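Dear colleague,

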Amino acid sequence: MKSEQQQMIAEIENEVRYTRDMTGMDRLDPRVMGAMRDVPRDMFVPAAMRAAAFDNGPLPIGHGQTISQPYIVALMTALLQIEPDHHVLEIGTGSGYQTAILSRLAAEVYTVEIVAELADGASQRFDELGYDNIKARIGNGYHGWSDHAPYEGIIVTAAAPHIPMSLLDQLKSGGRMVVPVGQPHGHQELMLVEKNRQGEPGIRSVLGVAFVPLVDR
């Protein structure tokens with residue numbers, strides 16, 4: 001592992017400890033941290049950004065979108081509590097980095113991206129890097145991907161003004177959804193939705209965050 005990637009892992013672990021009073025987590029699942037070590041973040045950022053690929057911060061990927069801060073990627077992934085037989089839906093493929101992390105933990109990952117150029121670029125990376133348990137499509141993330149529902153986990157990588165009901169409907173009983181909720185350039189909170197065995201959702205705020213808005217066309 002590159003020294004820069006080792007430093008990224010150390011910074012994630014430090015931030016987990018720093019935020020534990022808010023998140024309730026003083027360490028993340030070792031499987032999640034293993035995926036963060038294994039997936040080469042530098043392959044998912046524009047060439048001009050490669051020198052900063054392992055910095056613990058977001059980076060622009062074009063089209064007004066970003067690749068999320070590594071700590072946030074790790075935290076959101078850990079909150080899903082993914083098991084090896086789970087099927088996970090991701091809304092907002094972006095460059096495909098979060099998708100690749102999920103693919104190391106789940107049986108299958110279904111990912112939806114509204115920007116065609118980003119979706120095509122991510123699919124090409126998945127093929128080149130051998131991530132073969134990912135299915136991707138271009139579409140409006142607010143609608144989810146009902147063909148493969150229900151999902152044990154749903155992750156949204158852009159901020160919605162509210163929790164989309166269509167995504168909640170596609171979450172399996174006993175499943176978890178992680179979604180940033182709030183207004184662009186305003187207050188946003190990372191929300192964890194847990195649907196109980198009776199299909200009733202429980203919602204709690206985990207952390208204040210800042211995401212680009214979820215596009216609705």
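His63 counts as partly exposed because its relative accessibility is 48%, where partly exposed lies between buried (under 20% relative accessible area) and exposed (over 50%), computed with a 1.4 Å probe on protein chains only. His63 is found in the loop between E1 and E2, and it has a positive phi of about 60° although it is not a glycine. Please bear in mind that this is a predicted model, in which local features need pLDDT of at least 70 and side-chain atom pairs count only at pLDDT 80 or more, while totals for chains, interfaces and linings use all residues. Residues are numbered from 1 along each chain as its sequence is written, and side-chain values use heavy atoms, with hydrogens and water left out.

The strand and helix names refer to DSSP runs, numbered from the N terminus, with helices (H or I) of at least four residues and strands (E) of at least two. Gly64 is also found in the loop between strand E1 (59–62) and strand E2 (65–67), and Gly64 counts as exposed because its relative accessibility is 60%. Although Gly64 and Pro213 are 149 residues apart in sequence, they are 9.7 Å apart in space, C-alpha to C-alpha.

Gln81, found in the loop between helix H4 (70–80) and strand E3 (87–91), has a positive phi of about 50° although it is not a glycine. Gln81 counts as partly exposed because its relative accessibility is 48%. The peptide bond from Ala149 to Pro150 is cis, with omega near 5°, and Pro150 lies in the loop between E5 and E6. As background, most residues other than glycine have a negative phi, and most peptide bonds are trans.

Is Glu152 buried or exposed? Glu152, which is found in strand E6 (residues 151–156), counts as buried because its relative accessibility is 17%. The side chain of Glu152 reaches the backbone nitrogen of His87 at 2.8 Å.

Finally, strand E4 (residues 108–113) and strand E5 (residues 134–138) pair in the parallel sense over 5 bridges, where pairing requires that DSSP finds at least two bridges between the strands. From E4 the chain crosses through helix H6 (residues 116–129) to E5, and this β-α-β crossover is right-handed, which means that, with the strands pointing away from the viewer, the path from the first strand over the helix to the second runs clockwise. Within this pair, Val112 stands opposite Arg137 in E5.

Notes
Polar contact = N/O pair within 3.5 Å; in protein donor to acceptor, adjacent residues only side chain to side chain.
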